[in-house]
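Here is a friendly briefing to read beside the model.

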Amino acid sequence: MGSTEKRLSEQLPLFPLRVNHTWLAFLQKHGEMIAALSAGVLILCGWALTSVHDQTAAIAVFVAAFVIGGFAKAKEGIEETVKEKDLNVELLMFLAAIGAAIIGYWLEGAVLIFIFSLSGALETYTMNKSRRELSSLLSLKPETARLLENGREETVMADQLAVDDVILVKPGERMPADGVIIRGRTSVNEAAITGESMPVEKTEASEVLAGTMNLDGAVQVKVTKTSEESLFQKIITLVQNAETEKPPSHLFIEKLESTYVKSVLAASALMMVLPHFAFGWSWHETVYRALVLLVVASPCALVASTMPAVLSAISCGARQGMLFKGGVHLEGLGKIGAIAFDKTGTLTKGEPEVTDVRPADGWSAEQLLQVAASIESYANHPLAAAITAQAKKQKVPLVKAEDVKDTPGWGIEATVDGTRYAIGKAGFVDDEKAKRFMSEQGVKGAGKTFVFVKEAGNGIVGMLALKDSVRTEVKEAIRRINEAGIETVMLTGDEEETAREIAREAGVRQYRAGCLPDEKLAEIKRLTKKYHRAAMVGDGINDTPALAAADIGIAMGAGTDAALETADVVIVKNDLLQIANSIRLSKRMNRIIKQNIVFAVAVILLLITSNLFENLSLPLGVIGHEGSTILVILNGLRLLRG
């Protein structure tokens with residue numbers, strides 16, 4: 001079928017009826033289907049009148065069926081022709097129906113209009129179903145907020161909130177903006193964002209996200225992001241743009257459509273003349289066969305082979321917690337040969353805990369933790385957060401750090417009490433001295449990450465060991481991906497021993513340890529060259545170059561803004577099982593699209609051949625052609641169930 005992106009409210013109203021909002025919404029939602037079915041009822045009435053030889057009344061009823069069933073599609077076809085200055089399928093069907101009526105085949109023309117409008121209604125239903133599934137998040141976004149200003153509470157629109165505004169959120173209300181709690185404590189249901197059903201305890205300094213539900217305590221929140229910059233709004237933006245990027249298969253068919261329609265019109269015009277002189281057909285038979293050709297050669301089924309299936313699959317993916325920025329990414333996901341995973345926050349929970357604090361001689365564990373946490377409080381990394389959290393847990397006071405310099409992927413430097421410190425991986429402080437220190441301490445721990453503290457002029461003064469556990473669903477997700485014949489690779493900045501243990505535990509076939517952002521990028525390029533198409537899954541700023549370079553970039557929903565903006569797909573619920581499910585969904589969608597295209601082409605060729613041998617009547621041509629269109633749409637609709 002042709003374009004279905006037009007609003008139904010612009011296509012359907014035939015008369016300036018005055019209706020309430022409920023009826024208007026109902027007509028906008030179901031009007032195209034109502035019009036198609038009404039045309040079908042009128043056709044039955046016309047056929048009944050024909051059987052009792054009331055030809056005039058029958059023609060009047062058929063005309064009504066033409067108008068009611070064909071108005072929306074005829075209007076759409078004419079508008080597109082004027083706008084694009086090119087021919088389209090809608091116009092082709094309109095001409096075929098009018099031609100059938102002119103030579104006296106009113107019933108056949110009306111049936112053509114009916115089935116054509118019915119297939120269009122089914123395609124519109126697919127689009128609307130997809131839109132409803134994808135935009136269900138919109139209802140979770142609060143429209144207003146309680147702004148606290150000069151001791152007064154004022155209700156304002158949520159999109160008017162500015163950074164550093166202080167808002168009050170009462171129990172049972174959703175957070176209107178991303179922010180930090182500055183007073184009060186509560187528990188928050190973050191299922192709308194992360195998919196985690198268990199409430200999360202929030203106290204002062206805890207971050208909260210727009211769209212999440214405040215359950216049992218009134219809190220004051222300091223806004224940290226405007227409405228447009230919130231994670232919730234970024235997800236909504238993904239939702240709204242999901243249908244704008246069409247897959248390559250559909251773009252190819254759209255490109256072919258105009259040329260094909262012109263060819264069909266030329267062939268039909270030629271057939272109106274040539275067979276009369278070449279084969280001795282009567283003029284009636286010649287015109288009749290030309291009209292049949294006009295109907296059966298139309299590429300309706302071919303055009304409808306892709307988008308209903310794509311929209312159904314996008315809708316299904318959204319229900320499972322996978323948001324695609326466009327059909328092109330969903331189509332491409334099923335064609336990848338390798339998929340790379342970041343470790344921290346992707347394969348692991350991203351919530352490492354400090355397991356060991358090992359100070360050098362002359363240092364206490366508390367002193368080492370104080371220096372490390374005071375400096376790491378300026379960093380934005382799960383390891384830094386874990387060290388800071390450990391200091392808070394042990395009630396170790398932080399001190400001021402100055403001249404902080406963060407080197408992403410390596411470590412951080414700062415001055416504390418006049419002394420310069422470097423904190424990070426072994427290669428950041430001094431690889432040889434770090435190995436010697438570990439040997440002296442007798443530290444062993446598979447799967448652990450080690451952070452070293454170096455004092456300027458005094459060498460390594462201590463080490464902290466942290467461990468991050470693998471997500472519960474990771475083993476099953478990786479197993480399914482491996483069984484699908486896709487190579488799995490883990491990319492991490494951790495040391496070799498830690499990387500090897502996490503890869504073994506997760507079931508990943510390959511791993512690359514000690515990867516900096518540029519090395520992750522190089523690895524993605526290598527995988528793309530070797531496996532032709534590669535995907536990358538990550539959640540941090542250091543993953544963004546690799547996410548951008550991959551054929552399909554997949555971001556965790558709780559990841560950084562940069563990762564969400566760069567990725568092609570977002571896992572809203574942070575559930576890696578959905579990647580395996582979406583790969584299966586993509587492969588199934590690609591298979592259904594191929595089935596539809598082969599079936600549509602085969603039906604067109606069969607009908608054209610039958611018409612040339614004078615073995616096809618116009619009614620059978622209409623049923624065969626439009627019936628195949630409905631079948632490919634229904635085949636695509638199967639993807640709504642996954």
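## A charge over a ring

The charged end of Lys425 sits over the ring of Trp410, at 5.3 Å from the ring centre; this term requires NZ of Lys or CZ of Arg within 6 Å of the ring centre and within 35 degrees of the ring normal. The model is predicted, so local features need pLDDT of at least 70 and side-chain atom pairs count only at pLDDT 80 or more, while totals for chains, interfaces and linings use all residues. Residues are numbered from 1 along each chain as its sequence is written, and side-chain values use heavy atoms, with hydrogens and water left out.

**The chain as a whole**

- The protein chain has 25 helices and 22 strands; these are DSSP runs numbered from the N terminus, with helices (H or I) of at least four residues and strands (E) of at least two.
- Of the 642 residues in the protein chain, 53% are buried. Buried means under 20% relative accessible area, exposed means over 50%, and partly exposed lies in between (1.4 Å probe, protein chains only).
- Among contacts in the protein chain between residues at least 6 apart in sequence, 68% join residues at least 24 apart; a contact means heavy atoms within 4.5 Å.

**Aromatic pairs**

- A pair of aromatic rings is described by the distance of the centres and the angle of the planes.
- The structure holds five aromatic pairs. Rings of Phe, Tyr and Trp (its six-membered ring) pair if their centres lie within 6.5 Å, and planes under 30 degrees apart count as stacked, over 60 as edge-to-face and the rest as tilted.
- One of the pairs is Phe277 with Trp283: the ring centres are 5.8 Å apart and the planes stand at 85 degrees, so this pair is edge-to-face. Phe277 is exposed, at 61% relative accessible area, and Trp283 is partly exposed at 43% relative accessibility.
- Trp363 and Tyr421 also form a pair, with centres 6.1 Å apart and planes at 90 degrees, so the pair is edge-to-face. Trp363 lies in the loop between strand E12 (353-359) and helix H15 (365-376), and Tyr421 lies in strand E15 (residues 419-424), so the pair ties together parts that are 58 residues apart in sequence.
- Trp363 counts as buried at 15% relative accessibility, and Tyr421 counts as buried at 7%.

**Two open sheets**

- Strands of a sheet pair through backbone hydrogen bonds, either parallel or antiparallel. Here, two strands count as paired if DSSP finds at least two bridges between them.
- Six strands form an open sheet in the order E2-E1-E3-E9-E4-E7, with antiparallel pairing. Its edge strands are E2 and strand E7 (207-208), each of which pairs on one side only.
- Strand E1 (residues 144-149) and strand E2 (residues 152-157) pair in the antiparallel sense over six bridges. They form a hairpin with two residues between them, and Asn150 in the turn has a positive phi of about 55 degrees.
- E1 is also joined to strand E3 (residues 166-169) by three bridges, and these strands run antiparallel.
- Which residue in E2 stands opposite Arg146? That residue is Thr155, while in E3 the bridge partner of Arg146 is Leu168. Leu148 stands opposite Glu153 in E2.
- Another open sheet has three strands in the order E6-E5-E8, also with antiparallel pairing. Strand E6 (200-202) and strand E8 (213-214) are its edge strands, each pairing on one side only.
- Strand E5 (residues 186-189) and E6 pair over three bridges in the antiparallel sense, and Val188 has Val200 in E6 as its bridge partner.

**Helix H18 and its two faces**

- In helix H18 (residues 431-441), Ala434, Phe437 and Met438 are buried. Seen down the axis of H18, the buried residues fall within an arc of 100 degrees (taken from the directions from the helix axis to the C-beta atoms), so they line one face of the helix.
- An α-helix has 3.6 residues a turn, so residues three or four places apart point the same way.
- The cover over the buried residues of H18 includes E12, helix H17 (426-429), strand E16 (448-455) and strand E17 (459-467).
- The face of H18 turned away from its buried side carries the exposed residues Glu432, Ser439 and Glu440.
- Gly442 follows H18 and has a positive phi, near 65 degrees.

**Asn590**

- Asn590 is in helix H24 (residues 577-612) and counts as buried at 10% relative accessibility.
- Not counting residues up to four places away in sequence, Asn590 touches Glu331, Gly334 and Lys335.
- A polar atom of the Asn590 side chain lies 3.1 Å from the backbone oxygen of Glu331.

Notes. Polar contact = N/O pair within 3.5 Å; in protein donor to acceptor, adjacent residues only side chain to side chain.
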